[in-house]
Amino acid sequence: KLDHRAVDVPPATNGKPLDGDFGLSIDITKYDLVFDGVWTARATARVRWFDMRGREIADRVVHTDTLVGAKDEDQRALVRQASAQLVDILAPRVIAWSRSSP
C-alpha cells in the first residue's frame, strides 16, 4: 500500500502571470494496490485550478472506482487504468472551470 501526501506548492510564477489562461495542479495523494488472486487498485487525486495570477480558484479531491485487473495483467496495467479513469473524471470539471474563468 502506497500512501503519498502531496506537498502544497503554488505554481512557480515568480510574480509574473502564468503562460496560459490558467494553471492546473494534479497531485496523486493515494494509490492503493492489493493482490487477492487479481490486482485491484483505487486512486485519489487532489486537483487545483489557478487563475493567471496564481490564485487558487478551485480545490477538489477525486477518487477512482475500485479497478480490477485481469488475471494475466501486472500492476502497471492498473496504473494505466487509474490514470485513464482520473482523466475521465477530471475532464468535465476542467472544461467547466475553463468556461467560467474570467
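Which element gives the largest share of the lining of the largest pocket? Helix 1 does, with eight residues.

This is a predicted model, where local features need pLDDT of at least 70, side-chain atom pairs count only at pLDDT 80 or more, and totals for chains, interfaces and linings use all residues. Residues are numbered from 1 along each chain as its sequence is written, and side-chain values use heavy atoms, with hydrogens and water left out.

**Overall fold**

Helices (H or I, at least four residues) and strands (E, at least two) are DSSP runs, numbered from the N terminus. The chain has 102 residues, and 33% of them count as buried. Buried means under 20% relative accessible area, with a 1.4 Å probe and protein chains only. Contact means heavy atoms within 4.5 Å. Among contacts with a separation of 6 or more, 51% join residues 24 or more positions apart.

**Helix 1**

| Feature of helix 1 | Value |
|---|---|
| Length | 26 residues |
| Reach, first C-alpha to last | 38 Å |
| Kink at Leu90 | about 35° |

The reach is close to the expected 38 Å. That expected span is 1.5 Å times one less than the number of residues. The kink comes shortly before the proline Pro92. A bend is the angle between axes fitted to the seven residues ending at a residue and the seven starting there. Buried residues of helix 1 include Ala82, Leu86, Leu90 and Trp97. The buried residues of this helix pack against strand 1 (23-35), strand 2, strand 3 and strand 4 (67-68).

**Nonpolar core**

A nonpolar core is a set of buried Ala, Val, Leu, Ile, Met, Phe, Trp, Tyr and Cys residues joined through side-chain atoms within 4.5 Å. The largest one has 17 residues, and Tyr31, Val62, Leu78 and Trp97 touch the most other members. Two or more residues each come from strand 2 (39-50), strand 3 (56-63) and helix 1 (75-100). Helix 1 gives the most, with seven. Leu78 touches Tyr31, Leu33 and Trp39, among others, not counting residues up to four places away in sequence.

**Largest pocket**

The largest pocket has a volume of about 220 Å³. Of its 14 lining residues, Ile26, Ile28, Ala82, Ser83 and Leu86 are the closest to the centre. Strand 1 and helix 1 each supply at least two residues of the lining. On a 1 Å grid over the protein atoms alone, a pocket is an open set of points where a 1.4 Å probe fits, with protein on both sides within 12 Å along at least five of seven lines; lining residues have an atom within 4 Å of a point. Points are joined across faces, edges and corners, and the volume is the space filled by probe spheres set on them.

How values were computed. Buried means under 20% relative accessible area, exposed over 50%, partly exposed in between (1.4 Å probe, protein chains only).
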